[in-house]
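I opened this entry to keep a record of what I looked up. The sequence and the model come next.

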Amino acid sequence: MSITLKYQLKSFEKLPVKIYADSREGSIHIAKSIALAIRQKQQDGEKIVLGLATGSSPIKVYDELVRLHKEEQLSFKNVITFNLDEYYPMRPEAPQSYVRFMHEYLFDHIDIPRENIHIPDGTIAIEDIDAYCQQYEKRIDQYGGIDIQLLGIGRTGHIGFNEPGSWESSLTRMVRLDSLTRMDAIKDFSNEETVPYRAITMGIASIMKARTVYLMAWGAHKAHIIKEAIEGEITSSIPATFLQNHPNTKVYADTPASTELTRIKTPWLAGICNWDEDLVCKAVVWLSQKTNKPILKLTEEDYSENHLSDMIIEYDFAYNINIKVFNRLQHTITGWPGGKPNADDSNRPERSVPAKKRVILFSPHPDDDVISMGATFERLVEQGHEVHVAYQTSGNIAVHDHDARRFLEFFQEYSHAIGLEHPETEKLIKKSMKFFTTKGKDGNESDEIRMAKGFIRRGEARAGARFSGLKDDQIHFLDLPFYETGRSRKKPIGEDDYRIIMDLMEQVKPHQIFAAGDLADPHGTHRVCLDGILEACKRLSDRPWMKDCWLWLYRGAWHEYTIDEIEMAVPISPKQLEHKRRAIFMHQSQKDRPPFPGEDNREFWQRAEDRNRETARLYRSLGLAEYEAIEAFKRWHFK
Ligand code: F6R
């Protein structure tokens, strides 16, 4: 069900938007609409033309279409498809090709006639590209044009691979990829150098000719760009804004992707609000930042000049609101993340009993624990709680070949030196060395190399956890199977993964769980790891210890919760911050330039410090105490 609007709105939105609680619900809705259209055309004995996208956005739509085919007899015999784009150059059988993507996620599981499938060909000779593109465009027209076009949106605002600067009249053609888009694509390639610079894409005009367009945006990392696409002026620097000129485009977003929309972020600017405590807090923090005044200095005039007079009417005086919100924020601050023993805990984020808690800190990758909550981790250990850290995935795809090679060479030399070489091991090492020197073409590394990479990360994680004060028997490597594909495209999380997480929880019986609460990319490892924990908690909900278990979420490497969302703020002294940095330094394979740097050029320790310092700065600017840095958490309330 889509979320009903709590507010009466003045619309800033130039395209109709439906917001869903999660990407699954939204995707199922889209798949159902497509299925309905296919069936209607079948009844009329007609064909239907679908324009298809790749990337993470349509995956759950394809999953649902496959389910409808298998379980509800949806046939694709009358379906013609045209894919938006393909990298250039690209062999169809390469792991990163969109041909392979489409077959793996959709075509191999449905009854579409092979001759009905059209995907731009990444092997066309460069001199034939223009003619090929014209032919592609003509083909679409010959089939009567696209009935339903599925679109994702890139962080540059691209649709298809129409990057900023694309013309509204552009048709299918060869384009150069934006550097941000190439950066985002690194996750599918073995390294930055192998990401293609070019692609063949349908143009803006090709997309605009479609009769219906569904634009999807799932995850917090899409929040900024989707706001621009929906509320911004039409401009070629954000090609998705051209859709505002399309007569029948619908936008589907999940809650995290909708957070920047005016009606969600600052609903008081969009209309009348139903004020509850959370919304009041959000508005006051916003007002304080907007006026550059600490909360306790905000006046009636500040409120009324900034569209917040109806809030004053409900609370009588500005000062009443100010003090209420100030106290709420003040109470989030604690140096006792496991609860303060023998203290009145009525206004503290954590319970004081039991004084010594059993804690599991889940870390999706081997370094998220120290990056995201290194200082809190140390405090929990210092304050005598029984802390267990659980590394959920091996993180083995994020190690450079040169690092793996160095370790294998060490292993070889050392075993020679102590006279322990073995012919079988020698053979394996030789094979790996050959791979390192000839590598690059297909990028399919052996299980042994991947294992070595996993062990490198294990060693680093162990060093970081020990540095944070943990004993070895409290360090757990879960190596969840969903992650072990050797590629950035993972398997869906399943029973084996749940069992491993549940076993650890049954063993520890935690009072507190800390987990990465990233709601960014719904297919990203952090999100999948959180889903695994939530499922495990659900399945264990009848255990007596579960009734007394609190789940705290921390955010991943660079995002942070907004101030009004934070429920526990753990201050960090300058010395503790330095110590945290050293724990992050233990992750040597991720230093300088990790294989998957993401959207940010800073190293992980820099991102962590900037983010923790920024939270402290924001607290200070609101008129609260001044700290060097702060780590922030939000509690997950089980339903
Ligand atoms: C894919 C395509 C791109 C993606 C966009 C979003 O065929 O044309 O425009 O839709 O880059 O990618 P994801 O969905 O992976 O976030």
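My notes follow, topic by topic.

**Ground rules**

I am working with a predicted model, in which local features need pLDDT of at least 70, side-chain atom pairs count only at pLDDT 80 or more, and totals for chains, interfaces and linings use all residues. Residues are numbered from 1 along each chain as its sequence is written, and side-chain values use heavy atoms, with hydrogens and water left out.

**Domains**

I looked up the division of the protein chain and found domain 1 (39-262), domain 2 (272-330) and domain 3 (358-400 + 445-622 + 632-636). These bounds come from an automatic or database domain assignment. The centres of domain 1 and domain 3, taken over C-alpha atoms, are 34 Å apart.

**Nonpolar cores**

I looked for nonpolar cores, meaning sets of buried Ala, Val, Leu, Ile, Met, Phe, Trp, Tyr and Cys residues joined through side-chain atoms within 4.5 Å. Buried means under 20% relative accessible area, exposed means over 50%, and partly exposed is in between, with a 1.4 Å probe and protein chains only. The largest core has 65 residues, and Tyr 303, Phe 362 and Met 505 have the most contacts inside it. Helix α10 (residues 277-291) gives the most to this core, namely eight residues. I noted that domain 2 and domain 3 both give residues to this core, so it lies between them.

I then listed the contacts of Phe 362, where contact means heavy atoms within 4.5 Å. Leaving out residues up to four places away in sequence, Phe 362 touches several residues, among them Ala 390, Leu 478, Met 505, Phe 514, Ile 533 and Tyr 554. A second, separate core has 40 residues, including Ile 129, Tyr 132, Cys 133 and Met 202. For background, nonpolar side chains in soluble globular proteins tend to be buried together.

**Helix α17**

Helices here are DSSP runs of H or I with at least four residues, strands are runs of E with at least two, and both are numbered from the N terminus. I checked the length of α17 (residues 447-467). The expected span of a helix is 1.5 Å times one less than its number of residues. The 21 residues of α17 should therefore span 30 Å, and the end C-alpha atoms are 30 Å apart, which agrees.

The buried residues of α17 include Ile 449, Arg 450, Lys 453, Ile 456, Arg 457 and Glu 460. I see that the buried residues of α17 pack against several elements, among them α14 (368-382), β14 (386-391) and α20 (574-585). Just after α17, Gly 469 takes a positive phi of about 105 degrees.

**The ligand**

Which residues are closest to the ligand? I counted a residue as near if one of its heavy atoms lies within 4 Å. There are 13 residues around the ligand, and the closest are Ser 57, Asp 85, His 158, Gly 160 and Lys 222.

I also looked up polar contacts, which are pairs of N or O atoms within 3.5 Å; within protein, one must be able to donate a hydrogen and the other to accept it, and residues adjacent in sequence count only if both atoms are side-chain atoms. An N or O atom in the side chain of Asp 85 is 2.3 Å from an oxygen atom of the ligand. For a polar backbone atom of Gly 160, the distance to a ligand oxygen atom is 2.7 Å. For a polar side-chain atom of Thr 54, it is 2.8 Å.

His 118 is in strand β6 (residues 117-118). Is His 118 buried or exposed? His 118 counts as buried because its relative accessibility is 8%. A polar atom of the His 118 side chain lies 3.2 Å from the backbone oxygen of Asn 116.

Phe 242 lies in the loop between α7 (223-231) and β11 (249-254). With a relative accessible area of 6%, Phe 242 is buried. Phe 242 and Trp 167 are 75 residues apart in sequence and 9.4 Å apart in space, C-alpha to C-alpha.

**Backbone details**

I found a cis peptide bond from Tyr 88 to Pro 89, with omega near -5 degrees. Another cis bond runs from Val 353 to Pro 354, with omega near -10 degrees.

Gln 73 has a positive phi near 55 degrees and is not a glycine. Gln 73 counts as exposed, at 63% relative accessibility. Asn 292, also not a glycine, has a positive phi of about 60 degrees, and its relative accessible area of 70% makes it exposed.
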